[in-house]
Amino acid sequence: MIKNLLKYRELLLAVVIVLMVLGVGARSPEFIGAGNLLEMFNDTSILIILALGQMMVLLTKGIDLSMAANLALTGMIVALINFHHPDIPVWALVLLATVLGLIMGAINGLLVWKVGIPPIVVTLGTMSIYRGIIFLLSNGGWINAHQMSPDFLSLPRAPFLGLPLLGWCAIAALILVAYFLRYSRTGRALYTAGGNATAAYYTGINAGKMQFISFCLSGALAGFCGYLWISRFAVAYVDVANGFELQIVAACVIGGISTMGGIGSVVGCLLGALFLGVINNALPVIEVSPFWQMAISGAVIVIAVILNERGNKRKGRLILRHSPSVHASGPESEARS
């Protein structure tokens with residue numbers, strides 16, 4: 001019964017989101033107003049973009065716990081540059097943030113691919129390193145709105161067709177990542193590398209290289225969001241987005257992206273982020289303490305992981321059987337070469 005329901009997981013998740021919105025709207029009609037729904041999507045836009053990056057890492061059987069720290073560091077760097085050199089164009093700062101994020105993601109990817117350190121260990125370490133660098137750069141201080149240029153602050157808020165540019169950034173990211181995963185050779189290889197490393201080896205796909213590419217992409221998206229976050233909230237400090245990595249992973253897992261690799265979709269990722277966005281916006285309306293948000297997110301992650309693992313168990317014949325010789329000299333050595 002559960003497996004049959006999980007076949008329509010994304011549809012069920014969409015129905016749950018609609019029912020939550022209508023349920024909260026019954027108590028507070030303003031909640032389901034068009035303006036509030038657009039604002040709620042706008043509030044969730046950064047989470048959507050970050051979740052897309054995390055999804056690509058999870059597809060290769062990795063995990064990136066440094067995305068929030070990456071975001072905070074790139075955000076602090078561009079905020080400091082803008083403070084000291086307000087004449088530098090905003091587009092250049094956005095590009096710089098994206099490139100810096102990509103470099104930090106590449107560091108993670110190289111440590112996983114070439115050194116062979118587990119992704120969770122690497123990204124826990126770099127998460128702390130990036131937070132420490134923020135403190136060194138800022139001396140523990142803050143960059144506030146009055147220290148940022150008007151252009152720096154206004155770009156994500158600029159309206160276009162009734163939606164702020166921040167929301168359009170999320171829509172663009174969804175379209176680009178969906179196209180990349182569906183139609184590009186590298187995007188399809190991410191699924192193969194995470195789903196079956198042995199099959200990937202025999203089809204000429206370097207699983208380690210795919211993990212490296214996924215970390216680069218997640219890092220670039222995190223760096224891009226570094227500017228968006230600082231500009232939207234108009235403040236930069238050491239603890240920006242501290243703990244937000246839990247929300248990122250939660251959005252992916254709730255959306256059906258498997259932590260074991262090879263399974264997940266952009267639509268599921270979007271729905272998972274929207275689910276959390278609705279919860280975060282609905283709790284104050286129904287007068288639930290915000291301290292429950294972390295507990296609710298954690299509980300939802302556990303439930304989603306259980307459902308994912310039950311739904312991902314497939315029955316079928318084994319096409320490529322692991323053997324000691326293949327395991328020792330095949331996929332593992334190829335992944336690190």
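Two salt bridges turn up in this predicted model. Side chains of opposite charge can pair when their charged atoms come close.

Take Asp-43 to begin with. Its salt bridge with Arg-232 has the closest N and O atoms 2.3 Å apart. Asp-43 sits in helix α3 and Arg-232 in helix α11, so this contact ties together parts of the chain 189 residues apart in sequence. As for Glu-39, its side chain meets that of Arg-232 in a salt bridge at 3.2 Å, N to O. That pair also links distant parts of the chain, with Glu-39 in helix α3 (residues 34-59) and Arg-232 in helix α11 (residues 207-233), 193 residues apart.

Here are the two pairs:

| Salt bridge | N to O distance |
|---|---|
| Arg-232 and Glu-39 | 3.2 Å |
| Arg-232 and Asp-43 | 2.3 Å |

Now for the nonpolar side of things. Tyr-8, Leu-11, Leu-12, Val-15, Val-18, Leu-19, Leu-22 and Ile-32 form a nonpolar patch on the surface, and together they have about 760 Å² of accessible area. One of them, Leu-12, belongs to helix α2, which runs over residues 9-27. Leu-12 is partly exposed because its relative accessibility is 39%, and the cut-off for joining a patch is over 30%.

Note on methods. Residues are numbered from 1 along each chain as its sequence is written. This is a predicted model: local features need pLDDT of at least 70, side-chain atom pairs count only at pLDDT 80 or more; totals for chains, interfaces and linings use all residues. Side-chain values use heavy atoms; hydrogens and water are left out. Patches are made of residues with over 30% relative accessible area and no salt bridge: like charges are joined within 9 Å, nonpolar side chains (Val, Leu, Ile, Met, Phe, Trp, Tyr) within 5 Å. Accessible areas come from the Shrake-Rupley method with a 1.4 Å probe; for residues, only the protein chains shown count as cover. A salt bridge is a side-chain nitrogen of Lys or Arg within 4 Å of a carboxyl oxygen of Asp or Glu. Helices (H or I, at least four residues) and strands (E, at least two) are DSSP runs, numbered from the N terminus. Buried means under 20% relative accessible area, exposed over 50%, partly exposed in between (1.4 Å probe, protein chains only).
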